[in-house]
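Hi,

Here is the structure I promised to pass on.

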Amino acid sequence: MIELKEEQVETILEKAIEGINSDDDYQLVSITKKIKNTNALSFFESAKYINKNRTFWMSSEEDFYLVGIGQAYEIIAEESRFEETKKAWNQLLEKATIYNPYEQPGTGIVALGGLSFDPKKPTTPLWENFKPSHFTVPEFLMTKHNRECYLTVNILVRKNDHPRQLANECRDLENSLFQKSTIEKQMLTIKEKKEIEPTEWKETVRKAKEKINHSDIEKIVLAREMCLRFNENANIGPILQKLLDTHPSSYIFAIEKDDHCFLGATPERLVKLEKDHLLSTCLAGTAPRGKTKEEDQAISEGLLHDQKNREEHDFVVKMIKNAIKDCCTHLDVPNEPIIYPLTNLQHLYTPVTATLKKEYSLFDIIEKLHPTPALGGTPKEASLQFIREYERLDRGWYGAPIGWLDSNQNGEFAVAIRSALIKDTEASLFAGCGVVKDSNPDEEYEETNIKFLPMLSVLGG
């Protein structure tokens, strides 16, 4: 490791403490340094036995990893969650001390977390650890970007803290995290698999179709749950390794909240921001992969020309364009989608690029985009109201924005699909589909079965 000298760390902490005026006040000190190349998953596993929550994020496009250990600061918002989260984030940065000579994306102060799909729907015990908006600044954050590796240490200091003691405690814990750690192998098998009320779910599809045919609603997205029970407690590290091995084109994520872990491999970016350059993507319209190259090509062509899938895709493209146009300049949207192939599935894909106006933030864009028609429906409020009334599932963070943002005006959020919520020997998997006027309940049911496959395949199914 390349380390700052201990006296330098102490000096940074001492100056921050001197600037605190009252016993109730605090300041976040963030120190970033370059370190030798370290395996991201090994770093994640190294924190397994120190009783601290962990966060994992991987974006394959840039070979980009974030691994957070512990919690230096957290932002929780329930009422006016977008505005309150944005306000709390800005206030945190205003009085923070940041030592970061690199300014690479994902370094400095980084908050990782997400939001619930619909805060107006009552929360069940399944999602009790996951708040409507919950972001964590980890104590230790390892960032890998373009083959370079960085460690950010975040320390919350108060008026009567002692800089040398804080520096020593931080150093000792850091050293323990960089002990060699191997990823345990686990033969996880499914002892029980239970679909939650599939017959009732199909009936809800019929109700949604009837609603669409007798109203101005064009599309309603309905989700359902599958419950698994394993032969032993699930280890998160080996599951993440399988996701990395089998879903190289997806975002791989895991967020621990005490004894629960929400993880998945989602292909769907919601928004990415680099300074003022904004990228959103439409990923709607789904088909399986073929068993041969010829069959795969035939399925791709069929997807490109399938009326239902093209309509579903166009809903999302129009929504993204209309949602962000007032916040951006130089908006560019291609006229036709292309095929985006994944391991098990392929999707229709359209990128949307723009320049974010100075008066708007990443949270403003997320609020305008969520939920996309691919997860909620069209129009937004009417489809959400139907989901609240008729969908029996508590979606929690499923289908909602999950990601990160940093103090350098960078950030990226994905839509948390192809996901599972795991606790000990149990897991809940989630999948949804878009219901339109010509939908067939049995076909929609089979589509959700396909969408369960990415998580089933890594959980012993």
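Let me start with a cysteine: Cys 170 counts as buried, at 14% relative accessibility (buried means under 20% relative accessible area, exposed over 50%, partly exposed in between, with a 1.4 Å probe and protein chains only). Before I go on, this is a predicted model, so local features need pLDDT of at least 70 and side-chain atom pairs count only at pLDDT 80 or more, while totals for chains, interfaces and linings use all residues. Residues are numbered from 1 along each chain as its sequence is written, and side-chain values use heavy atoms, with hydrogens and water left out.

Cys 433 is in no disulfide either, with the nearest cysteine sulfur, that of Cys 282, 17 Å away. Cys 433 is buried, with a relative accessible area of 1%.

Salt bridges

A search of the whole structure turns up 24 salt bridges, each a side-chain nitrogen of Lys or Arg within 4 Å of a carboxyl oxygen of Asp or Glu. One of them joins Glu 256 and Arg 54, at 2.7 Å from N to O. That pair links distant parts of the chain: Glu 256 is in strand S12 (residues 251–257) and Arg 54 in strand S2 (residues 54–59), 202 residues apart. (Helices, H or I of at least four residues, and strands, E of at least two, are DSSP runs numbered from the N terminus.) Glu 256 is buried at 12% relative accessibility, and Arg 54 is buried at 5%. Glu 45, Arg 54 and Glu 256 are linked in a network of salt bridges.

Another salt bridge is between Arg 224 and Glu 195, with the closest N and O atoms 2.8 Å apart. Here Arg 224 in strand S11 is linked with Glu 195 in strand S10 (residues 190–195), 29 residues apart. Arg 224 is buried, at 1%, whereas Glu 195 is partly exposed, at 28%.

Then there is Glu 444 with Lys 308, at 3.7 Å from N to O. Glu 444 lies in helix H11 (residues 441–458) and Lys 308 in helix H8 (residues 307–324), so this pair ties together parts that are 136 residues apart in sequence. Glu 444 is buried at 3% relative accessibility, and Lys 308 is partly exposed at 22%.

Which side chain of opposite charge is nearest to Glu 225? It is Lys 194, 9.4 Å away, and Glu 225 is buried yet has no salt bridge (Lys and Arg count as positive and Asp and Glu as negative; His and the chain ends are not counted). Glu 225 is found in strand S11 (residues 219–230). Its side chain makes a polar contact with the side chain of Ser 428, at 2.7 Å; such a contact is a pair of N or O atoms within 3.5 Å, where within protein one must be able to donate a hydrogen and the other to accept it, and residues adjacent in sequence count only if both atoms are side-chain atoms.

Helix H9

Helix H9 (residues 362–369) is mostly covered, with 6 of its 8 residues buried. At its start, a side-chain oxygen of Ser 361 reaches to within 3.3 Å of the backbone nitrogen of Phe 363.

Cheers

How values were computed. A disulfide is a pair of cysteine sulfur atoms within 2.5 Å.
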